[in-house]
Amino acid sequence: MNSVTLYVDPPKELFYSKELTDSEIVYYILIVMLSYTHGRCFMSNRELGKKRGKSVRTIQRIIDGLKTKGYIQVKVYTDEGGNSHRDIIPMKHVKSVGGHVRFDVG
């Protein structure tokens, strides 16, 4: 079985940010990690919450905070089958390299 290890190197500015809560920093890093392959994170609030033991409502507040502060963009759409989906797109301190989203550390 092949295993892929993703090395994550968040920029230090993220950790020194006074505009983000600790939970917003942790979840922004997680969103960037989950966006590596497709350029977006498509996990539900329930799935994101399970990653670190947070409630759906707490994740909703974190996502709202990251969106308000410009760290993420959220796109909601309906597929041909009438199912609603959401993409979370990281916007700050990231770059796309070869179609993969990762932190921009210079």
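Is Tyr-71 buried or exposed? Tyr-71 is buried, at a relative accessible area of 3%, where buried means under 20%, exposed over 50% and partly exposed in between, with a 1.4 Å probe and protein chains only.

1. The model is predicted, so local features need pLDDT of at least 70 and side-chain atom pairs count only at pLDDT 80 or more, while totals for chains, interfaces and linings use all residues. Residues are numbered from 1 along each chain as its sequence is written, and side-chain values use heavy atoms, with hydrogens and water left out.

2. Searching the whole structure gives two aromatic pairs (ring centres of Phe, Tyr or the six-membered ring of Trp within 6.5 Å; planes under 30 degrees apart are stacked, over 60 edge-to-face, the rest tilted). In one of them, the ring centres of Tyr-28 and Tyr-71 are 5.2 Å apart with the planes at 80°, and the pair is therefore edge-to-face. Distant parts of the chain are linked by this pair, 43 residues apart: Tyr-28 belongs to helix H2 (residues 22-34), and Tyr-71 to the loop between helix H4 (56-68) and strand E1 (72-78). Helices (H or I, at least four residues) and strands (E, at least two) are DSSP runs numbered from the N terminus.

3. Tyr-28 also pairs edge-to-face with Phe-103, at 6.2 Å centre to centre and 70° between the planes. Because Tyr-28 lies in helix H2 and Phe-103 in strand E4 (residues 100-103), this pair ties together parts 75 residues apart in sequence.

4. Tyr-28 is buried at 0% relative accessibility, and Phe-103 is buried at 6%. Together with Tyr-71, these residues form one aromatic cluster.
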